[in-house]
Amino acid sequence: MTQYALLTLALSALAGTTLADAAKPVPQYERILQEMPLSDPEKNAIRESIKLGRDISRIAETRNGLPYRRDAHAKATGCVRARFSIRGDIPERYQHSIFSAPGHEYQAWIRFSNGDMEVQKDSKPDARGMAVKVMGVEGDKIAPEFTGPATHDLIMTNTPAFFHRNVMDYVEDMHYLAKLERTRWFISFFPPRLHPKQFYRAIQTVSSKIDSPLQPQYYSMLPYQLGHTEVKFSARPCVGEHSDVNVDRSHTDYLTEAMQSQLDDGTACFDFMLQERKPGANMPLDDATVIWSEEEAPFLPVARIDIPSQTFTSEAQSQFCEDLSMNPWHAVGEWRPLSSLGMARRVVYAAVSEFRHDKNGAEVFQPVNWCLEPDGQCDQSDLVKPVAAVKVPTVCFDPLYQDVNSDDAAPSCRPAWP
Ligand code: HEM
């Protein structure tokens, strides 16, 4: 047994459990777990994380009341309809998976959320989530256990790094979180313990206050394989975009109000960007506390997220939002979540989603378009308002780029969407 595994065992024992106790196989995920290129202690940590994720959802219900919710990012600040458009000038090396068709436009849903397991006032500092579900995608699913229509989920929060290096950190901390001891894994006097970098990242993560979900930049934090490149991704409000709203932070749900106020008669837009891992740079794959340097590897825009004017606050839409399931392994083609945390998410998200749907008597489903009806049957003509999209400057990767469908002789930079 390695020194690290021994240390993990000792910490688990201090947390009131042992890996042997907690790491009971969860039958429906065993085959997937067996095939993961991870060590036995890492696989045990994932088995344990499944149990702890469900425990946290159960404990949170005693504080939030029904329904049973996600064990993380429990409060939605809104689910909105969006368009996800691949840029026409996307470099060839990125043309894989959902990025394989330059200029293609997909329908998407975006769930904005607060990070805590408890549903609390928006004024409480917290991590903020942006989970994009791109629909109508083509290609082989990377995780065939997810039946139903294929989607490609891009899940982000508003900090560039996570507060756990890997799945071993994650599972140790979850033991404490399941006892509502939020800081005890990071810092404790008895037993003496300090995880300084993780603690610093955790404070950064949970101290965010924002005026609107449309305002921050969001990050994947974890790396992904895209074709032959390793990337992180991020969504940043488009150049010139500003959330021009008066917020009253004393309102419990002021983030929902701010976003609705902007979308009542306006639009929003994000540049979706990739950051490519550079050989030799300090850009580790299995230490999520490290921010990949933007000087070494800048984020480059490859797609655009356009949120049309709309009303998103109906009861039916809030219910749809609650019942939605995101998973980084809902994806197609040459795309893989990397790192032990990335692999853990495949089964932990699925297990918590199944648990809460089961408790709530709801069906797990994948939407196919902007309709709230799971079969996608509805009149889509007036789901969003036909307000002209905001014109923003575009930046080209390749100044010689020319739209192949254009007769213009001069090379031109133009957005992939009108
Ligand atoms: C480090 C990168 C991570 C990011 C950016 C992230 C972000 C998010 C976001 C935004 C949501 C809400 C999704 C929604 O709107 O439906 C979410 C939910 C969740 N996260 Fe994470 N998370 C990360 C890591 C992890 C890890 C490592 C685990 C566990 C191994 C985890 C477990 C969960 C679970 C179980 C849910 C609820 C899933 C459901 O019930 O549908 N997250 N996460």
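A residue is buried if 20 or more other C-beta atoms lie within 10 Å of its own. Keep that cut-off in mind while moving through this predicted model.

Select Ser339 to begin. This residue is found in helix 9 and has 22 other C-beta atoms within 10 Å, so it counts as buried. Its phi is positive, about 80°, although Ser339 is not a glycine.

Helix 9 gives 8 residues to the shell around the ligand, the largest share. Helix 4 (40-64), strand 2 (105-114), strand 3 (128-135) and strand 4 (151-157) also give two or more residues each. Of the 30 residues around the ligand, Arg70, His73, Arg111, Gly129 and Ala131 come nearest. Coloured by class, the shell shows 16 nonpolar, 9 polar and 5 charged residues.

Next, select strand 3, where 7 of 8 residues are buried. Strand 3 pairs with strand 2 in the antiparallel sense over 7 bridges; Ala108 has Val134 of strand 3 as its bridge partner. With strand 4, strand 3 also pairs in the antiparallel sense over 7 bridges, and the partner of Met135 there is Thr151.

Now turn to the loops. Between helix 4 and strand 1 (75-86) lies Pro67, joined to Leu66 by a cis peptide bond with omega about 0°. A cis bond also joins Phe190 and Pro191, with omega about -5°; Pro191 sits in the loop between strand 5 (187-188) and strand 6 (193-194).

Finish at Leu180, in the loop between helix 5 (167-177) and strand 5. Its phi is positive, near 60°. Leu180 has 13 C-beta neighbours inside 10 Å and therefore counts as partly exposed.

Technical notes:
Residues numbered from 1 in each chain as written. Predicted model: local features only at pLDDT ≥ 70, side-chain atom pairs only at ≥ 80, totals over all residues. Near = placed C-beta within 6 Å. Helix = DSSP H or I, 4+ residues; strand = E, 2+ residues; numbered from the N terminus. Nonpolar A, V, L, I, M, F, W, Y, C, P; charged D, E, K, R; others polar. Buried ≥ 20, exposed ≤ 12 C-beta atoms within 10 Å, placed from the backbone. Pairing = 2+ DSSP bridges.
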